[in-house]
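Here is a short briefing on one protein model. Keep the sequence and the 3D view open as you read.

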Amino acid sequence: MTKNLKLGEILKQAGIIDDFQLNSALSYQRHWGGRFGESLIKLGYLTEDKLQGFLARQFDLPLIELLGRKIPEDVLAYIPQEKARELHVLPVERREISGSMHLVVAMTDPTNLMVTDSLQFMTGCRIKPALASDEAITFAIDKYYGSEVDEQEELDLALKDLAEPPKPVQPAQPVVSVAPVMSIPKPEPEPEPEPEPESELESAPAPIVPPAAPAPDMGHYMVALKKLEDRYENLVSILLDRDLISPEDLDELM
């Protein structure tokens with residue numbers, strides 16, 4: 001009967017949490033997502049050690065230590081990386097009991113029958129839950145399956161960088177050097193010419209010639225071009241590594 005109840009109801013019946021804490025954790029879970037037990041811990045209503053100890057006693061489950069444990073590759077192959085991250089579980093051990101295959105799976109909430117049924121259908125094995133901490137499962141998934149940032153994300157970032165044009169570089173302002181003023185001897189005064197009669201029309205002012213624009217600094221444009229070439233080489237390298245393009249195809253494109 002107990003195994004058909006949800007974790008919150010089990011903890012409430014055992015006096016571990018009250019109605020207010022139950023509803024608060026459910027509201028937190030709806031708003032932020034994640035697992036119910038994780039919500040209780042983040043709200044400070046329970047410690048992870050207390051929750052794990054209660055579940056181990058309640059369901060007679062083993063507490064498993066993942067740190068330093070060696071898990072064979074054929075066992076890891078039962079649950080793909082995407083499912084392991086989605087359900088937050090890790091296959092640990094495979095056992096044959098009475099002619100049927102059992103798969104020991106580390107998880108934080110053995111009361112979630114949907115997770116257990118999904119794993120049993122996917123693997124074809126009887127699932128035997130084992131308790132492990134949330135942090136230990138996350139660390140072990142990254143260790144055995146690889147980091148969550150994969151090559152697809154790297155490819156997306158490379159394509160995004162390549163699609164963005166390089167930012168224009170403002171040409172450097174020319175530095176005007178002022179030559180030192182040399183003292184020039186004053187010439188002897190010449191006799192002033194007689195003033196000419198003033199013209200009725202005033203002389204037109206000389207046209208103002210705008211200063212010549214400084215020549216663009218080609219060095220900055222070469223730097224921007226070099227960055228674009230580096231992005232292109234990075235993209236080609238990723239495509240070759242993922243076998244999305246062959247060296248022969250690359251030669252034809254070149």
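Strand E2 is largely enclosed by the rest of the structure, because 6 of its 8 residues are buried. Buried means under 20% relative accessible area, exposed means over 50%, and partly exposed lies in between (1.4 Å probe, protein chains only). This is a predicted model: local features need pLDDT of at least 70, side-chain atom pairs count only at pLDDT 80 or more, and totals for chains, interfaces and linings use all residues. Residues are numbered from 1 along each chain as its sequence is written, and side-chain values use heavy atoms, with hydrogens and water left out.

**Overall make-up**
- The protein has 11 helices and 3 strands. Helices (H or I, at least four residues) and strands (E, at least two) are DSSP runs, numbered from the N terminus.
- From the N terminus on, the order of elements is α-α-α-α-α-α-β-β-α-β-α-α-α-α.
- Of the 254 residues in the protein, 27% are buried.

**The strands**
- Strand E1 (residues 90-97) pairs with E2 in the antiparallel sense, over 7 bridges. Two strands pair if DSSP finds at least two bridges between them.
- Glutamate 93 stands opposite valine 104 in E2. Proline 91 has valine 105 of E2 as its bridge partner.
- The hairpin of E1 and E2 has 2 residues between the strands, and serine 98 takes a positive phi near 55° there.
- E2 (residues 100-107) and strand E3 (residues 126-131) run parallel, joined by 6 bridges.
- Valine 105 also stands opposite proline 129 in E3. Alanine 106 has alanine 130 of E3 as its bridge partner.
- E2, H7 and E3 form a right-handed β-α-β unit. Right-handed means that, with the strands pointing away from the viewer, the path from the first strand over the helix to the second runs clockwise.

- Serine 24 sits in helix H2. Serine 24 counts as buried because its relative accessibility is 19%.
- The side chain of serine 24 reaches the backbone oxygen of phenylalanine 20 at 2.8 Å.
- Leucine 40 belongs to helix H3 (residues 36-42). Leucine 40 is buried, at 0% relative accessible area.
- Leucine 40 and alanine 25 are 15 residues apart along the chain, and their C-alpha atoms are separated by 5.6 Å.

**The largest pocket**
- The largest pocket holds about 550 Å³ of space. A pocket is an open set of points on a 1 Å grid over the protein atoms alone, where a 1.4 Å probe fits, with protein on both sides within 12 Å along at least five of seven lines; lining residues have an atom within 4 Å of a point.
- The lining of the largest pocket counts 23 residues, and the closest to its centre are Gln29, Phe36, Asp109, Thr111 and Asn112.
- Helix H1 (7-13), helix H2 (19-32), helix H6 (81-87) and helix H7 (113-123) are the elements that give two or more residues to this lining.
- By class, the lining has 11 nonpolar, 7 polar and 5 charged residues. Ala, Val, Leu, Ile, Met, Phe, Trp, Tyr, Cys and Pro count as nonpolar, Asp, Glu, Lys and Arg as charged, and the others, Gly among them, as polar.

Key: Grid points are joined across faces, edges and corners, and a volume is the space filled by probe spheres set on the points. A polar contact is a pair of N or O atoms within 3.5 Å; within protein, one must be able to donate a hydrogen and the other to accept it, and residues adjacent in sequence count only if both atoms are side-chain atoms.
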